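User: I am new to this structure and would like to learn how to read its features. Could you walk me through a few of them?

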Amino acid sequence: VHGTPKKRASQLATAYRLAGEQPVYLIINYDLLRHLTEHQLSALCAWTAGGAVIFDESHYLKNRQSARSKLAVQVSKEAKHVICCTGTPIRNLVDDLFQQVELIHPGTWTSYWDFARRYLVMRDITIGQRKVNKIVGSKNVDELNAVVNTVQIARKKDDVLDLEPKTYTKPILELEGNMLAIYKAMADFARIEISKISDADQTSVF
């Protein structure tokens with residue numbers, strides 16, 4: 001699903017019409033969900049009900065308060081199957097896991113604060129005139145791993161991919177137009193500055 005609003009509307013309508021006749025798969029960018037109309041989003045949620053939703057690069061949904069995460073929850077709420085795929089489930093702290101696990105198995109914890117109390121080390125810090133809780137570490141990691149392993153299938157890259165060795169290339173790029181003019185101006189300025197430094201060194205008295 002992509003393109004102009006009119007094109008997206010046509011693509012969605014066609015998908016729903018064909019769904020009764022053949023398997024249909026919709027691929028939608030996370031941020032594009034925000035641009036669906038209320039009617040389109042409602043129809044999409046109804047269409048995914050009882051079906052399957054796959055969130056690729058699911059670490060983009062780690063922030064439970066972001067618009068994309070809230071929409072992901074909405075779209076997958078009535079789905080029969082939810083799969084999250086990612087090569088980097090945790091980028092910073094175990095806090096990144098909460099939303100992803102909740103997408104797969106809602107109600108794993110009674111609330112975010114239940115999760116935080118169990119697994120996050122929090123510290124009060126002062127920002128301006130107010131105090132806020134800041135995540136500074138994790139705890140009970142073995143227990144958390146045990147919970148996550150009930151909904152996770154992890155594989156090492158070497159076990160599932162037969163990749164060719166990395167290939168490094170050094171393409172030669174030529175500037176043109178405005179970029180070339182800017183580069184030349186910067187190069188001329190640098191030559192003048194270097195010349196000034198050189199002249200100053202030659203006239204120094206030791």
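Analyst: Here we go through strands, loops, salt bridges and a surface patch, one topic at a time. This is a predicted model, where local features need pLDDT of at least 70, side-chain atom pairs count only at pLDDT 80 or more, and totals for chains, interfaces and linings use all residues. Residues are numbered from 1 along each chain as its sequence is written, and side-chain values use heavy atoms, with hydrogens and water left out.

User: Let's start with strands. Which strand does β1 join, and in what sense do they run?

Analyst: Helices (H or I, at least four residues) and strands (E, at least two) are DSSP runs, numbered from the N terminus. Two strands pair if DSSP finds at least two bridges between them. In this model, β1 runs parallel to strand β2 (residues 81-85), and five bridges join them. Within that pairing, D56 has C85 of β2 as its bridge partner. Going from β1 to β2, the chain passes through α3, and this β-α-β crossover is right-handed.

User: Which residues of β1 are on its covered face, and which on its uncovered one?

Analyst: In a regular strand the side chains alternate between the two faces of the sheet. For β1, V53 and F55 make up the covered face, while A52, I54 and D56 make up the uncovered one.

User: How do β3 and β4 pair, parallel or antiparallel?

Analyst: Strand β3 (residues 120-127) and strand β4 (residues 130-138) are antiparallel, with eight bridges between them. I125 is placed opposite V132 in β4. The two strands form a hairpin with two residues between them, and G128 in the turn has a positive phi of about 70°.

User: What about N92, buried or exposed?

Analyst: N92 belongs to the loop between β2 and α4 (97-104). N92 has 58% relative accessibility, so it counts as exposed. N92 and S10 are 82 residues apart in sequence and, C-alpha to C-alpha, 40 Å apart in space.

User: How many salt bridges are there?

Analyst: A salt bridge is a side-chain nitrogen of Lys or Arg within 4 Å of a carboxyl oxygen of Asp or Glu. By this rule there are seven salt bridges. One of them joins the side chains of D96 and K62 (3.9 Å, N to O). That pair links distant parts of the chain, 34 residues apart: D96 is in the loop between β2 and α4, and K62 in the loop between β1 and α3. D96 is buried, with a relative accessible area of 6%, whereas K62 counts as partly exposed at 24% relative accessibility.

User: Which residues are linked in a network of salt bridges?

Analyst: The network links D114, R117, R118 and E143. R118 and D114 form a salt bridge of 2.9 Å, N to O. These two are separated by about one helical turn, because they are four residues apart in helix α5 (residues 112-119). E143 and R118 form a salt bridge of 3.5 Å, N to O. Since E143 lies in helix α6 (residues 141-148) and R118 in helix α5, the pair ties together parts that are 25 residues apart in sequence. D114 is buried, with a relative accessible area of 8%, while R118 is partly exposed at 31% and E143 is partly exposed at 36%.

User: Last topic: which residues form the nonpolar patch on the surface?

Analyst: Patches are made of residues with over 30% relative accessible area and no salt bridge, with like charges joined within 9 Å and nonpolar side chains (Val, Leu, Ile, Met, Phe, Trp, Tyr) within 5 Å. Accessible areas come from the Shrake-Rupley method with a 1.4 Å probe, and for residues only the protein chains shown count as cover. Here the nonpolar patch consists of L175, M179, I182, Y183 and M186, with about 550 Å² of accessible area together. M186 is part of helix α8 (residues 177-202), and M186 counts as exposed because its relative accessibility is 56%.

Terms used. Buried < 20%, exposed > 50% of the residue type's maximum accessible area, 1.4 Å probe, protein only. Right-handed = clockwise from strand over helix to strand, strands pointing away.
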